[in-house]
Amino acid sequence: MPDPYEPAAFKERIDEVVRGFVAQEAEQLVAVDADLGPVADQVEVAVAGGKRLRAAFCYWGWRAVGQPDSDAMVRAAASMELVHAAAVVHDDLIDDSPLRHGRPTAHVALRSAVRRRPRAATAARSLAMLVGDLLMAMAGQLFAASGLPAGYLARARPLWAALARELIAGECLEILRTGATPDTSASLQVIRYKTAKYTVEQPLLIGGALAGAGERLREGYTCYGLALGEAFQLRDDLLGLFGDPDRTGKANLDDLVAHRPTALLAETWRVASDTDRKHLRALLGRRDLDTDGLEAVREVMRRLKAPDRIEEMITVRVREALGALDALDLPAPAAAALTALAHSAVARRH
């Protein structure tokens, strides 16, 4: 019998679970009071799209142990996408980002619901924060009600606490280091905790724990997951500044205006002359930065070959992830899927 997994078909399965579950939850929210309609709408918008990478890593963390395809496991894996949706809503709020995938972010969209209230912008931000909180609670509910045996779920429960703790640690570190003197090691630590762990490592480990993975496999998941997760965020850093906004759905100016501690900026700063640093200081963090300022920063980065070094860092990490995968001697379908996911996570334009 052919393996039922195929990337597009798997994504459809996850989409169906996520949208169906969230639609039911949104309906119950509106049943409390019709005034909650705009909030319920944003909960559904938050899960409307996405690559479903986190669900895929969780699913293959299960399959790599030798477990069969299972609708209950697909529901458990889909809960990772609600964690991601919650993180995105909170991240947009923290960064005060106006757009996500070309659409208004939750705290911007919700302004229309409170436009006649005093301090409408603050009220909209509060509503968005609660949208993110609700999505995180829904993630736990979907996981617990997946249909997997209680004994399996109990093995993964400690990893949920680690996932939440590490994700919040990464967000806090980024806030604490925003605007500070750029440093590559500090930026890579932010990447590891803010993105790599909850995007790749923890979903794999949770899938593995559900399936009863042994210590050697769990260690291999961590090696693969951290290296690939960091490569994923490094690609995001490059796309954020040099990508096509029509494809990324984000403005190229965002990271510069916010003066975020990206590895790309840190690698530029590391080799910059005093003159270049003075020039960068005058541009970073300016709310009125325009396209001329963007081009000026890009010129410094290109001249100092910072994008080339980030590309090399991505290549090294993907090679490291695939080496860790090869050493695990996984079942062929799982090895092929995780290899394909490694390439698709970094070879992208959005």
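Let us start with Glu201, which is placed in helix α8. Helices here are DSSP runs of H or I with at least four residues, strands are runs of E with at least two, and both are numbered from the N terminus. This is a predicted model, in which local features need pLDDT of at least 70 and side-chain atom pairs count only at pLDDT 80 or more, while totals for chains, interfaces and linings use all residues. Residues are numbered from 1 along each chain as its sequence is written, and side-chain values use heavy atoms, with hydrogens and water left out.

- Is Glu201 buried or exposed? Glu201 counts as buried because its relative accessibility is 5%; buried means under 20% relative accessible area, exposed means over 50%, and partly exposed lies in between (1.4 Å probe, protein chains only).
- Setting aside residues up to four places away in sequence, Glu201 touches Ala196, Thr222, Gly225 and Leu226, where a contact means heavy atoms within 4.5 Å.
- The side chains of Glu201 and Thr222 make a polar contact of 2.9 Å. Such a contact is a pair of N or O atoms within 3.5 Å; within protein, one must be able to donate a hydrogen and the other to accept it, and residues adjacent in sequence count only if both atoms are side-chain atoms.
- Glu201 and Glu6 are 195 residues apart along the chain, and their C-alpha atoms are separated by 22 Å.
- Lys194 also lies in helix α8, and it counts as buried because its relative accessibility is 14%.
- The side chain of Lys194 makes a polar contact of 2.8 Å with the side chain of Glu174.
- Beyond residues up to four places away in sequence, Lys194 touches Asp91, Leu167, Gly170, Glu171 and Glu174.

**How α8 meets α12**

- The axes of helix α8 (residues 184-211) and helix α12 (residues 263-271) come within 8 Å and cross at roughly 170°. Axes are lines fitted to C-alpha atoms, for helices over the stretch in contact, and angles run from 0 to 180 degrees between N-to-C directions.
- The two helices α8 and α12 are therefore roughly antiparallel to each other. Angles over 145 degrees count as roughly antiparallel, under 35 as roughly parallel, 65 to 115 as roughly perpendicular, and the rest as oblique.
- On the α8 side, Thr184, Ser187, Leu188 and Ile191 meet Ala263, Ala266, Glu267 and Arg270 in α12.
- By class, this contact of α8 with α12 has four nonpolar, two polar and two charged residues. Ala, Val, Leu, Ile, Met, Phe, Trp, Tyr, Cys and Pro count as nonpolar, Asp, Glu, Lys and Arg as charged, and the others, Gly among them, as polar.

**The covered helix and the core**

- How many of the residues of helix α3 (residues 53-63) are buried? The helix α3 is mostly covered, with eleven of its eleven residues buried.
- The buried residues of α3 pack against α1 (7-32), α4 (71-95), α7 (150-177), α8, α9 (215-242) and α16 (332-346).
- The largest nonpolar core has 106 residues, and those with the most contacts inside it are Ile206, Leu210, Tyr224 and Leu228. The largest share of this core, 14 residues, comes from α4.
- A nonpolar core is a set of buried Ala, Val, Leu, Ile, Met, Phe, Trp, Tyr and Cys residues joined through side-chain atoms within 4.5 Å.

**Two arginines**

- Arg100 is in strand β1 (residues 99-100), and a polar contact of 2.7 Å joins its side chain to that of Asp92.
- Arg100 and Thr248 are 148 residues apart in sequence and 8.3 Å apart in space, C-alpha to C-alpha.
- Arg298 lies in helix α14 (residues 291-303) and is buried, with a relative accessible area of 10%.
- Among residues beyond four places away in sequence, Arg298 touches Leu241, Phe242 and Asn252.

**Loop residues with a positive phi**

- His259 is in the loop between α11 (254-257) and α12. Although it is not a glycine, His259 has a positive phi of about 55°, and it is buried, with a relative accessible area of 17%.
- Asp329 sits in the loop between α15 (306-326) and α16. The phi of Asp329 is near 50°, a positive value in a residue other than glycine, and Asp329 counts as exposed because its relative accessibility is 68%.
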